[in-house]
Structure formats: structure tokens, C-alpha cells
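User: Hello! I am new to this structure and would like to learn how to read its features. Could you walk me through them?

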Amino acid sequence: MNMAEAKRILEAALMCSAEPLSLQDMRRLFDEAIGADTLRRLLDELQDDWAHRGVELTRLASGWRFQSRPEMRPYLDRLHPEKPPRYSRATLETLAIIAYRQPVTRGDIEDIRGVTINSAIIKQLEDRGWIEVIGHKEAPGRPALFATTPKFLDDLGLSSLDELPAIGTAADPASRQALEALEALDAMTPANDPVAMTTHPEAPASLLTDLAETDSVDTELDPLSTDRPETAS
């Protein structure tokens, strides 16, 4: 198979896939006839081919996918005007602490935030696929250790935790540092909606939008020092 044909096949697979494709997926696409180095070269070429279009080929934590560029989002949102799920300040702080301090136990999070965490918050983040238990701490009761998932990075449009923005000075409360850093992603990451021509049935809710709108959510949301049960997304 010549490389021009291989690139066309790879492009079609990426455009039609509902989920990011890993290099292993791509090798299986060609029945292992094309190696990883060649695939990376083809991916680089595809990125160049789409450099000046409304969508881009992006590397994420779990693989590669086509997605809309940030400047396209205001227009694409007009096609889906419904509001994404909103998360309380307590939920976003919990997620931010896990993202920046992982792996952490529930007790670690409570020590940082200074309040007891409602179980519904942990369940909501687990159900959303953003956090998971990766082990247990060698301590009395062997508490679960929580960490973020590749899906968390995918939904933020990132390929690794190293791409999270740096947190502020150590003098600030840890949870606020992490939350502000996550909010800063709104200005630096692409919209996480897959392009319309893929088979993805529904674009995931944007965590970045939720973070940006946290302060403007109605006044019934909990203040920073309290947690309440929430409706899972």
C-alpha cells in the first residue's frame, strides 16, 4: 500500500471514529502492516493538511481525534443551544484538588477544603468518568486513592497532566489555586466537541464552560465551605 492511500484511510478512520484512536488502534486498522513511526509521520502530515481549516487533528491522552477549533465554538453552539450540566463550586474544587494532588484520599481532600465531602460529589465525578480509584493507601482503613482518568484529559483537550497550567503561589489556599488554574484552561484549550461529521452522537459537556460559569450559577449553589447532595450529570 502506498503512503497516499494509507493517509486517506487513516484520515477516514479518524473522522468516523466516535472515540480518539490510539496508535495501537491505527496499527490494527492496517493489520499491523504499518509501523508506529510511519503512523506518526502520517499524523504529522494530516495535522499540516488541516492546519488552516475549521477543525484540527489533536493528540489527546487516549489517542488522536479531529475536533473543532476554539474560534468555531460560538458558531457551533448555536446548533446546540441547550445548557451543559453545571457543577457546584464544591464539585469543581474537589476535582481540581484531585487533578493537582493525585493520588489523594477523601481525607486528603477534606483536609485541604476544610469540610466533609458529600459522597454524591465523588459519585458524580466517577459517573462522569473523570476520576477513578487507582489503589488504597497503606493506612488504617486502607482508604481509596483517587486520580483523574484519560477521559478527564480528553474532555479538556489535553494529552497529559503536564499540560495543566501551573498553580499559583503556595500562600493561596490549595483548592483555590487548583480551581483558578483549571479555569485558566478556558483560554488555552480547544473546544472539546468532536466535529459534526464524526459518528459521535452527542458532544460531551464542556468542563471548561462549567468552570468559567461557576461564579454566575444561581445563588442556591453551596458556598465554598459547604457541600450538599447534587444531581449527577
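User: How many aromatic pairs does the structure hold?

Analyst: A pair of aromatic rings is described by the distance of the centres and the angle of the planes. Rings of Phe, Tyr and Trp (its six-membered ring) pair if their centres lie within 6.5 Å; planes under 30 degrees apart count as stacked, over 60 as edge-to-face and the rest as tilted. This structure holds one such pair. The ring centres of Trp50 and Phe66 are 4.9 Å apart with planes at 55°, so the pair is tilted. Trp50 sits in the loop between α3 (36-49) and β1 (55-60), and Phe66 in strand β2 (residues 63-68), 16 residues apart. Helices (H or I, at least four residues) and strands (E, at least two) are DSSP runs, numbered from the N terminus.

User: What should I know about the model and its numbering?

Analyst: This is a predicted model: local features need pLDDT of at least 70, side-chain atom pairs count only at pLDDT 80 or more, and totals for chains, interfaces and linings use all residues. Residues are numbered from 1 along each chain as its sequence is written, and side-chain values use heavy atoms, leaving out hydrogens and water.

User: Are Trp50 and Phe66 buried or exposed?

Analyst: Buried means under 20% relative accessible area, exposed over 50%, partly exposed in between (1.4 Å probe, protein chains only). Both Trp50 and Phe66 are buried.

User: Which residues does Leu125 contact, leaving aside its neighbours within four places in sequence?

Analyst: Contact means heavy atoms within 4.5 Å. With those neighbours left aside, Leu125 touches Thr91, Thr94, Leu95, Trp130 and Ile131.
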